[in-house]
Amino acid sequence: MRYAVFSDIHANLEGLMAVLEKCEQVEADALVCCGDIIGYCADPNACVELVRKKGVRCIQGNHERGLRDLGEGRAPNMNPVAMEALAFTREVLEAENLAWLLSLPHEAEIGGFFHVFHGSPSDPDEYIFDAFEAAYAFKALVNEYPPPGNMLCFIGHTHVCAAYAFDPVNHRVAEQKVRDGDLFAIKPGAHYMFNVGSCGQYRGGLPVATFCLLDGDEMTLEYHFLEYDLRSCQRKVIAAGLPSILAQRLSLGQ
Ligand SMILES: [Fe+2]
């Protein structure tokens, strides 16, 4: 079985469509999203409806929790630009789409052998940017989740692809920066955490949409970096009256 895992769509329909099209080409059997389906870009309804139509297994990200906070009269813990986008999202979201987003779980076990989290196994709002931070996350993964599901997990939230491997014998974490086409072998005895980057607002310095393809039979993982019609997405961000920085950063991959 081949699983396509992606994250942080952020209402970027063009980025999502590029990823889904590639998933069809590579004949992925199942689709999984690590949260943040909405926020930042202008197509929250279309993105929610598309992931539902495609049967994507989704969890909540911090932007979905921000919607919940807004609905319950609490101020989400977000910067002003993210808040502006969240207010726009709340205004335009169809009631059914909002209810579906709020019904999503915070984490999920998939196929009985891996987990997906938004930020980290220990905290959905935690950013993991390096091996030091990953070490704490592995501790939570190994101690709080039973095998074999604690061997492998996927995260998003930083919007930057990265690969971490944990050796439980010497307690060391190896970190690898990821490029398009990189292929990883998942070996028994180690634990792995892969950041799948972002479909909708990649921040690794490239104007791309990213995802991972996990082959559950071969136990290999391949990264895909895709070009997409970001001009169309940018035009819609501006037309919607969202902060222009949200359009500009897509070109920069920041
Ligand atoms: Fe995000």
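Biologist: What should I know before I start?

Modeller: Residues are numbered from 1 along each chain as its sequence is written. Since the model is predicted, local features need pLDDT of at least 70 and side-chain atom pairs count only at pLDDT 80 or more, while totals for chains, interfaces and linings use all residues.

Biologist: What order do the strands take in the open sheet of six?

Modeller: Some terms to begin with: strands (E, at least two residues) and helices (H or I, at least four) are DSSP runs, numbered from the N terminus. Two strands pair if DSSP finds at least two bridges between them. Here the order is β3-β2-β1-β11-β12-β9, with mixed pairing. At the edges you find β3 (57–58) and β9 (183–185); each has a single partner strand, so one side of each lacks a neighbour in the sheet.

Biologist: In which sense do β2 and β3 pair?

Modeller: Parallel, over two bridges, with β2 spanning residues 30–33. Look for Val32 opposite Arg57 in β3.

Biologist: And how many bridges join β4 to β5?

Modeller: Four, and these strands, residues 107–110 and 114–117, run antiparallel. Glu109 sits opposite His115 in β5. Their hairpin has three residues between the strands, and Gly111 takes a positive phi near 65° there.

Biologist: Why does Asp182 count as partly exposed?

Modeller: You count other C-beta atoms within 10 Å, placing C-beta atoms from the backbone: 20 or more is buried, 12 or fewer exposed, in between partly exposed. Asp182 has 16 such neighbours, so it counts as partly exposed. You'll find Asp182 in the loop between β8 (172–177) and β9.
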